[in-house]
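Hello,

Here is the structure you were to receive. My notes on its side-chain contacts follow below.

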Amino acid sequence: MPPRLIPTIVFAFALAFAAPPAAAQENSLGAPPPLEFPFQAKPEAPKGVSMAFFRAGVEKAADFALCSILMKRDGKTGPRDAQGNETCLPDYAKKVKDNQGFVQWAPNARPLKCKTCFGRPFTDPERHTSQPNLRRFTVFGRLAFVSVTGPNRSITYPYQVHFTCAAPNGARQGNLAIDVAFDRAIVGEPGFWEKLVSFFTADELSRFIDSRIKRELSPIGSLRTFQGPCRSVGIDLGTDPITDAVKFDPPLATRPFIVATGVDTATIQLLSIRRNPLPPGVAAAHARPGAPEAGQFRLFTNGVVRQLPPAGLALPPEGGSVPLNFCRSVTLGSANRLQLLFVNDLGGAVWSEFRRPARFGAGPTRTMTTGRTILVPAIGRGPGAHPQPVPLREFELTYRISFSPTIKARPGLAGAAPADGAPCVAL
């Protein structure tokens, strides 16, 4: 790729996440925008997880990790609690609290008191290319420990905390998920920590702290932890980082005696899939001849996935087209966007998104073509010869959208025929 194109691509990628587009985006590669639902919570949302609560849980988990190191060094084990988990002996807990052990917190590093060890939450949407993305908010932090037995004997664990309203398969509500991911440890003097191999290696210590965070952040409960049911997620930045919070709205109360009488529906009619031949000079092996994945596809409509077609297709590497006769109806309700994500199991994907003012893309016949990048051998020799990336626009889906506002709800709506009346098989 020419160097002058790189800044343009990076800038375009940043713009894609800066604000929702005003018009349709069609036949696009890369990560699709986050789904509309669960929506973004406002700072005044009624539920939340304060960063003070989260920091306290991280600190308590790390305290126990330090306590375990000290106890193991002396051949001690703590009593078990009611759940069968080992606890810290009081004398060793006091050593950790007073920073008296041979390994201890670095100066001013305790999460509840540090000024620079824990950042502020910021918008950081998921960036999957072959599955739908959700809104996400991220915080960066780090844990720092030292040994008092010599100079420069330190270890630092950078970590990331991700907050999402984890709603599976296009659901509008889910559970507030908190994911903690530790990066590789930064070791001041590896030789010292290698001497602790019978207690904890650098990687083992991070895994141990992970497992304690699962317990100490109760009621959160695990490394992917759940704080409660949600239909939104957002952030509330306080006057100080420790007063920041991740906020969310709980699901609305159900009203079982109210029956919906109308609903907006979009129907996507799938007309054909065509396989494009490989570009000149690309070896046939890159098309994976005979691989069943070449005929297996997934279609996501506002996050809901369907296998397309259920039995797979026969599409040879040299190209060809297969007619389709499938429909997928989407109940839109209050949605303002219709997002389509078309994925091939060889690894290619493409997405399009249409908005309500444009009747969700209804009308003309449209196409979207999957893209994946392969590496081909370098041309020529010498220090400047490197394998070259080649984009493959491989599988083209032809489809048509019809929009039917306020159709009365009835059984079998997902298999309704498109507006032109053509019969089709429901997905």
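Arg136 and Asp124 are joined by a salt bridge, 3.1 Å from N to O (a side-chain nitrogen of Lys or Arg within 4 Å of a carboxyl oxygen of Asp or Glu). Both residues lie in the loop between E5 and E6, so the pair ties together parts that are twelve residues apart in sequence (strands, E, are DSSP runs of at least two residues, numbered from the N terminus). Arg136 counts as buried, at 17% relative accessibility (buried is under 20% relative accessible area, exposed over 50%, partly exposed in between; 1.4 Å probe, protein chains only). Asp124 also meets Arg127 in a salt bridge of 2.8 Å, N to O. Asp124 is buried at 11%, while Arg127 is partly exposed at 38%.

This is a predicted model: local features need pLDDT of at least 70, side-chain atom pairs count only at pLDDT 80 or more, and totals for chains, interfaces and linings use all residues. Numbering runs from 1 along each chain as its sequence is written, and side-chain values use heavy atoms, with hydrogens and water left out.

The count of salt bridges is 15. One of them joins Asp244 to Arg120, with the closest N and O atoms 2.8 Å apart. Asp244 is buried at 0% relative accessibility; Arg120 is partly exposed at 35%.

Ten aromatic pairs were found in the whole structure (ring centres of Phe, Tyr and Trp, its six-membered ring, within 6.5 Å; planes under 30 degrees apart are stacked, over 60 edge-to-face, the rest tilted). Among them, Phe145 and Tyr157 are edge-to-face, at 6.4 Å and 65°, and both are buried.

Regards

Key
Helices (H or I, at least four residues) and strands (E, at least two) are DSSP runs, numbered from the N terminus.
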